[in-house]
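Dear colleague,

Please find below the structure that I am handing over to you. My findings follow after it.

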Amino acid sequence: FGCRDEEPSATEPLICHVGGTMRPVMLHLAETYEAETGRPVEVNSAGSGELLAHIELQETGDLYVCHDPFLDILMKKFGMGTDGWTVAELTPVVVVAEGNPKDIHGLTDLARDDVDLALTDFEHSTLGHMLPTIFRKVGIDVRELVKRKDVQINKSGGYVANLVKTGNADAAMVWNAVARLREDALDVVEIPAERLPTPGV
């Protein structure tokens, strides 16, 4: 996005703010970039919202890798970005323990009494904002579900996925990229496209 008053020197590191999910691939890209150009890259990684607050306060950085809606906030609300584009799309999925021991095949199974569920926070995560719409499409009021069951809530998708990985939950809803980082220990149950919110909503 560029928050410098002047071009940095070739030896000065480029500052790259990266959301946690994209950290592994961006570290690899930074290493490749440094090898090809000789220019160092400093990767600052945290949650997208946390990084946005840091950028707003420090007004420093050359690149911000985030997910919606943070790019729009950076560019439109703060007027700090010079250019932005979409490089990938994320899709919500259900993660379960390897082998799917609770035989979970869809969203309605998450409402079963024998399923310990973990979800991301409705206010402090992008996927959390989408959950009421996703569950409504299968006739479930997710807020009532949370009240009825002892659903574990956290703002981090990585955290709720790790609850399943460590056996402290039977299922969680996360981005497919979060699941991919844990594919050695978790299986994915896809959510049919018609159950997902309409793009742009």
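In this structure, helix 2 passes helix 3 in a right-handed crossing, where right-handed means that the near helix is turned clockwise from the far one by less than a right angle. The model is a predicted one, in which local features need pLDDT of at least 70 and side-chain atom pairs count only at pLDDT 80 or more, while totals for chains, interfaces and linings use all residues. Residues are numbered from 1 along each chain as its sequence is written, and side-chain values use heavy atoms, with hydrogens and water left out.

On the helix 2 side, S48, G49, L52 and I55 meet F70, I73 and L74 of helix 3 (contact means heavy atoms within 4.5 Å). By class, this contact has five nonpolar, two polar and no charged residues; Ala, Val, Leu, Ile, Met, Phe, Trp, Tyr, Cys and Pro count as nonpolar, Asp, Glu, Lys and Arg as charged, and the others, Gly among them, as polar.

As for the whole protein chain, there are seven helices and eight strands, taken as DSSP runs (H or I, at least four residues, for helices; E, at least two, for strands) and numbered from the N terminus. The C-alpha trace spans about 60 × 35 × 25 Å along its principal axes.

With kind regards
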